[in-house]
Amino acid sequence: MDRYTSFIIRRRWLVIGTWIAVLIAAIAAAAMWAGPTTTAFTNDTRTESGKAGELLERAGQGDQATAGQIVIAASNDIPGGVRNAEVTQAVEGLVGEIRSSSSDVTVGDPYGQGAQISPDGRISITSLDLGTGTDSVVQDRVDTIKEIADSADIPGVAVEFSDPRFDEVPPSGTSEGIGVLLALVILLIAFGSVIAAGLPILSALFGVGVGASVLFLFQNVMNVPNFAISVTMILGIGVGIDYALLIVTRFRSGLHEGLDTDAAVRTAMLRAGRSVVFAGCTVIIAMCGILISGGDLGPSLTFAAIAGILGTLIASVSLLPALLSVIGTRVNSLSLHWLRKRRGKDPDQALEGVWASKWSRRIQQRPWVGVATAVLILVILSIPAFSLRLGFSDAGNRSTDATTRVAYDYVTEGFGVGANGPLVLVAEYPEGTDPQAALGTLQQRIQADPDVAQGGVTPPIPVGQVDGNQIAVMSVNPATGPQDEATTELIERLRSEVIPDSLGPDSDISVSVTGITAGAIDYADITLELLPWTIAAVLAAAFVLLVLAFRSIVVPVKAVIVNVLSLGAAYGVIVAIFQWGWAGSLFGVGRAGPIDAWVPIMLFVTAIGLSMDYEVFLVSRIKERFERTGDATTSVAEGLASTARVITCAALIMVCVFLSLAFMPDRSLKILGVGLAVAVFIDASIVRLLLVPSTMEILGKANWWFPSWLSWLPRVDGSHTDDIPDVRSGDDGSRDTTPSAPADAEGKLVK
């Protein structure tokens, strides 16, 4: 690290210029060659629904999970409803205009054979396929269709769309921008200097700019969800600002202690920079745990998260030290004295609160009380997590003014709630077989099920041929909603009882259940099955990294246990808000529902990685003090005092950035944002300020126990490093700024 930092200092302008060139090139490449995103991740070929969906695609029926709809609803005072002559003429004209808007757009016939019109004639549903292409191309088609629908203005008739791309959403980057603005305010208050506050923001934006651009390009070679860019930006910005904050804080402290600019940069990188690298590696390795979930969603989310985090990590340890080397003592320029009251001459004394030392000593006087209090709070918050139910959000969870939610409610009114997530039965049978005769018994058995809507089963319709066999499709509308447990039980019953009993053991006909609802349930089952393996792998990796970081066994074990407790509390909070519906209206949630299946894994790996960040930052300082004094109690108090405020500042930034996700239209991002904000808040308050000092006081010197038979492990904790510039007191009590090692990588004295 010291040799690397010396190189950055010597080549500071080259590093800065390279970053500017890379950022410009990356943004330009992304603007020209960005790939498309997808909204469908339920067709996983590891599941029955995924295999059936693939069979439909091979038969030329497209992706059933992404089929959109136009919902037309006539008011009660229109005679004949949607079949009214004037309404029919206007609707057919509207459909014709939409068809002619693009050759890639396909619209069904709202009045043709098999058209879906409610029994009272008021509501009609017709299919809408927007075609393929990049996100911007498809969005252009959406905007054109919205203009056509708005200009139609059919009196007494509402035209709504089920595709979420028709919902009004804030401009891209709005939520992220709000998070960055709040982070800047916190940094200004913490540092009291525009330059010092701006450096972490600048470093994070450079890193996330490159990371997001790489993600856009990567969309050409793999399926990436449309919300992945928000994950990249939010995680990258939050983590990047925190990492840069720690390095800038150490740099300013070095300057205050009398070090020159280069020595202060080296000190910051050898201490804070080392912690940042370990913390970043921990987060990235934790993110790789998502790969265990497999399918398309696991790898794409892993890459999206790592792109943002790795970009900002590299910027923090390359661009930032180069900028600090150039700026030097001007880092305290443009001081805003009116934002905070200075204490003494140290510009960062506000971050080194004396109150934290007093708090730590008070907690250490009654450590068992601190442990019991913290554990009790975490356990109470974790109670709702035991009722966690996985699924996928649908339009019913959205705000009541969204077109997709209005369309959902109209479909429910006209056809029953189950019509919002119909089950698709895909039958494969030998050529020449009469599907009506072969599947008639199955149709009757399904219709007789009490959880199937009256008249909710359509006859089998041949749709194509695959490998010499005929393919037919049946549609089943459950009597319950897509997210209801009764619908899940219906799917399980169809697969395990109704279909096998109706066809018989020797039948040459195979029938599979697919569709949006079945695909979501299957993906949730896979996620739940793989979640324990993900947890075990991520915790094991974090444990190994912490062992290397601290050369201790006790500290990593304690960290793993404590962080699992805090994560359980975060799970409990999101279940209470989004699944139970407590205070859901604060975040614009339409109604309660299951937790999106991909969120728990993403929340787990991200929260574990970030909590390990704070563990590294805090315990590194404690270990530094312990190695100097040998006093376990004093080292905890001093370590907490020197990090409590900076960790609190970093946590506040994280909370603000993550909460910006809570106000995005996508419900799954709301859940992730709230979960991460809660996890960070709990970790920085209950865990770091209460549980850690209590447990470390109880364990004492045992915290640093390390068996001799593991002495072969590489020393990467920095305890053996002799060339870190330090400030020592002379015999007369004055400050001595002589470095503990006289030479840098070039053999020159460090002044």
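## Burial and a buried proline

Buried means under 20% relative accessible area and exposed over 50%, with partly exposed in between, as computed with a 1.4 Å probe on protein chains only. Pro594, at 1% relative accessibility, therefore counts as buried. This is a predicted model, in which local features need pLDDT of at least 70 and side-chain atom pairs count only at pLDDT 80 or more, whereas totals for chains, interfaces and linings use all residues. Residues are numbered from 1 along each chain as its sequence is written, and side-chain values use heavy atoms, with hydrogens and water left out.

Pro594 sits in the loop between H18 and strand E12 (595-596); helices (H or I, at least four residues) and strands (E, at least two) are DSSP runs numbered from the N terminus. Once neighbours within four places in sequence are set aside, Pro594 is in contact (heavy atoms within 4.5 Å) with Arg389, Leu390, Gly391, Phe392, Gln483, Gln579 and Arg667. Pro594 and Ala152, by contrast, are 442 residues apart in sequence and 37 Å apart in space, C-alpha to C-alpha.

## Nonpolar cores

A nonpolar core is a set of buried Ala, Val, Leu, Ile, Met, Phe, Trp, Tyr and Cys residues joined through side-chain atoms within 4.5 Å. The largest such core has 159 residues, of which Leu235, Met287, Leu324, Trp598, Met602, Ile653 and Phe658 touch the most other members. Helix H21 (residues 667-699) gives the most to this core, contributing 18 residues. Apart from it lies another core, of 25 residues, which includes Ala74, Val95, Leu128 and Ile154.

Phe658, leaving aside neighbours within four places in sequence, is in contact with Ile234, Leu235, Leu610, Gly673, Leu676, Ala677 and Val680.

## Two helix pairs

Axes here are lines fitted to C-alpha atoms, for helices over the stretch in contact, and angles run from 0 to 180 degrees between N-to-C directions. Angles under 35 degrees count as roughly parallel, over 145 as roughly antiparallel, 65 to 115 as roughly perpendicular and the rest as oblique. Helix H8 (residues 228-256) packs against helix H10 (residues 297-317) at an angle of about 25 degrees, with the axes 7 Å apart, and the two are therefore roughly parallel to each other. Residues of H8 including Leu235, Gly236, Val239 and Gly240 meet residues of H10 including Ala304, Gly308, Ile309 and Thr312. By class, this contact of H8 with H10 has twelve nonpolar, six polar and no charged residues, where Ala, Val, Leu, Ile, Met, Phe, Trp, Tyr, Cys and Pro count as nonpolar, Asp, Glu, Lys and Arg as charged, and the others, Gly among them, as polar.

Helix H16 (residues 485-503) and H17 pack at an angle of about 90 degrees, with their axes 10 Å apart, and are therefore roughly perpendicular to each other. In this pair, Thr487, Thr488, Ile491 and Arg495 of H16 meet Thr517, Ala518, Ile521 and Asp522 of H17, and the residues of the contact of H16 with H17 divide into three nonpolar, three polar and two charged.

Most residues other than glycine have a negative phi.

Arg551, which is not a glycine either, has a positive phi of about 45 degrees and lies in the loop between helix H17 (516-550) and helix H18 (554-579). Arg551 is buried, with a relative accessible area of 10%.
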